[in-house]
Amino acid sequence: MHDEADESAKPPVRDRLEKMVPARILGYARGMASDRNPQVIVLNGGSSSGKSSITRALQELLPGIWLTFGVDTFLDALPDRGRSPRAGITYEQDGSITFSTEHRALERSWYTGLGSMAGAGAHLILDEVLLSGGSGQERLRSAFSDVNMAWVGVRCDPDVAASREAQRADRVEGMARQQARGVHRGVTYDFEVNTTKRSTEECAHDIARWLQLPNDKTGPFDRAPVHGRRALGSGRKLG
């Protein structure tokens, strides 16, 4: 039997657990506990990953009416749909993108407005490209602090995304490859899909099954494997 001193010397159970279990699994478990009935679903992925098609499919699969907004909705509202210098966006030759201080302030106002819509009862699906990764996630969380959110990562192999990008006239060359991994850096997800070999329709069904919302028409819930999250199937637009 351990004496009282021995017990107090042990680190807290949570600390011991976090050393034993990968952080991504603990993040999945937290999502399962709090966000399975979300008011807002965020799909984050790079350009040409298939987010927009998944979003539209989810609108047909999920119960009730879901509105979809995202980075491209915001761009379309800017001067010359984001192409004007007054929009505060600079598209670099390597496919990277930089934003002015004024643009960032306007972006915060945009998300505050969407947060108010969600707070008033609207169900939203956000089609996002978090160029700053984890810090971008924190900005969104602060704007939607009063509602439940589900975070879904939409991954795609950089070569495959680049190939899709080459077939689309509204994309900046190099953007898909630049974003394929960068937008996921530091972001914690509740669920993930991969469109490299899996269709966007299949990925939408996977998300709907995972959410297991009342009255969904996607069939029995297919539980995630014990190792944690499922990564299934192996103007200018940012997404």
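Mentor: Contact here means heavy atoms within 4.5 Å, and this is a predicted model.

Trainee: Which residues does histidine 103 touch, not counting residues up to four places away in sequence?

Mentor: With those sequence neighbours set aside, histidine 103 touches Phe74, Leu78, Ala87, Gly88 and Ile89, and the place of histidine 103 itself is in helix α6.

Trainee: Why is histidine 103 called buried?

Mentor: Buried means under 20% relative accessible area, and histidine 103 has 4%, so histidine 103 counts as buried.

Trainee: What makes the pair of phenylalanine 69 and tryptophan 110 edge-to-face?

Mentor: Rings pair if their centres lie within 6.5 Å, and planes over 60 degrees apart count as edge-to-face; the centres of phenylalanine 69 and tryptophan 110 are 6.2 Å apart and their planes stand at 80 degrees, so the pair is edge-to-face. Phenylalanine 69 lies in strand β2 and tryptophan 110 in helix α6, so this pair ties together parts that are 41 residues apart in sequence.

Trainee: Why does phenylalanine 69 count as buried?

Mentor: The relative accessibility of phenylalanine 69 is 19%, which is under the 20% limit, so phenylalanine 69 is buried.

Trainee: Why is the pair of phenylalanine 74 and tryptophan 110 called tilted?

Mentor: Planes under 30 degrees apart would be stacked and planes over 60 edge-to-face, with the rest tilted; here the angle is 35 degrees, at 5.6 Å centre to centre, so the pair is tilted. Phenylalanine 74 belongs to helix α5, and the pair links distant parts of the chain, 36 residues apart.

Trainee: What do ring pairs link into a cluster?

Mentor: Phe69, Phe74 and Trp110 are linked in this way.

Methods: Residues are numbered from 1 along each chain as its sequence is written. This is a predicted model: local features need pLDDT of at least 70, side-chain atom pairs count only at pLDDT 80 or more; totals for chains, interfaces and linings use all residues. Side-chain values use heavy atoms; hydrogens and water are left out. Rings of Phe, Tyr and Trp (its six-membered ring) pair if their centres lie within 6.5 Å; planes under 30 degrees apart count as stacked, over 60 as edge-to-face and the rest as tilted. Helices (H or I, at least four residues) and strands (E, at least two) are DSSP runs, numbered from the N terminus. Buried means under 20% relative accessible area, exposed over 50%, partly exposed in between (1.4 Å probe, protein chains only).
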